[in-house]
Amino acid sequence: MNMKKEELQKEEILKEIEALMNYRPEHKTTINPNYLEYLELEDLESIKKSLLEKIGKLSQEDISWLKKFRKY
């Protein structure tokens, strides 16, 4: 793969990872882009997949909040 293309892909996945980490506005997180030098594309994709799995599971706080809107 072209190195320039791979770097662009890494940057894009890094942005997606940051967005996933910040899905709750009160937890603002940024990742230093210099880490891209040390991470492989596969590493970033694995991190993204892991975050997607964790976000897919509702926290107890989220469940309690959603129950407020349940119709009986």
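Q: What pattern does the chain follow, read along the sequence?
A: The pattern is α-α-α. Helices (H or I, at least four residues) and strands (E, at least two) are DSSP runs, numbered from the N terminus. The chain here has three helices and zero strands. This is a predicted model, in which local features need pLDDT of at least 70 and side-chain atom pairs count only at pLDDT 80 or more, while totals for chains, interfaces and linings use all residues. Residues are numbered from 1 along each chain as its sequence is written, and side-chain values use heavy atoms, with hydrogens and water left out.

Q: What percentage of the residues of the chain count as buried?
A: Buried means under 20% relative accessible area, exposed over 50%, and partly exposed in between (1.4 Å probe, protein chains only). Of the 72 residues in this chain, 19% count as buried.

Q: How many salt bridges does a search of the whole structure find?
A: A salt bridge is a side-chain nitrogen of Lys or Arg within 4 Å of a carboxyl oxygen of Asp or Glu. The search finds two. K10 pairs with E7, with 3.8 Å between the closest N and O atoms. In the other salt bridge, the side chains of K48 and E16 meet at 2.4 Å, N to O. This pair links distant parts of the chain, as K48 belongs to helix 2 and E16 to helix 1, 32 residues apart.

Q: How are K10 and E7 placed in helix 1?
A: K10 and E7 are three residues apart in helix 1, so about one helical turn separates them.

Q: Is K10 buried or exposed?
A: K10 is buried, because its relative accessible area is 4%.

Q: What are the accessibilities of K48 and E16?
A: K48 has a relative accessible area of 25% and is partly exposed. E16 also counts as partly exposed, at 27% relative accessibility.

Q: Which backbone oxygen lies 2.6 Å from a polar atom of the side chain of K10?
A: A polar contact is a pair of N or O atoms within 3.5 Å; within protein, one must be able to donate a hydrogen and the other to accept it, and residues adjacent in sequence count only if both atoms are side-chain atoms. For K10, which is found in helix 1 (residues 3-21), the backbone oxygen is that of L39.

Q: Which residues gather in a patch of negative charge on the surface?
A: Patches are made of residues with over 30% relative accessible area and no salt bridge, with like charges joined within 9 Å and nonpolar side chains (Val, Leu, Ile, Met, Phe, Trp, Tyr) within 5 Å. Here the negative patch consists of E40, E42, D43 and E45. E45 lies in helix 2 (residues 41-55) and is partly exposed, with a relative accessible area of 42%.

Q: How far apart in space are E12 and L44?
A: Sequence separation and C-alpha distance can be read side by side. E12 and L44 are 32 residues apart in sequence and 10.0 Å apart in space, C-alpha to C-alpha. E12 lies in helix 1 and counts as partly exposed at 43% relative accessibility.

Q: Where is the place of I31?
A: I31 is in the loop between helix 1 and helix 2. At 22% relative accessibility, I31 counts as partly exposed. Its C-alpha atom is separated by 8.8 Å from that of I17, 14 residues apart along the chain.

Notes: Accessible areas come from the Shrake-Rupley method with a 1.4 Å probe; for residues, only the protein chains shown count as cover. Lys and Arg count as positive and Asp and Glu as negative; His and the chain ends are not counted. The place of a charge is taken as NZ of Lys, CZ of Arg, CG of Asp or CD of Glu.
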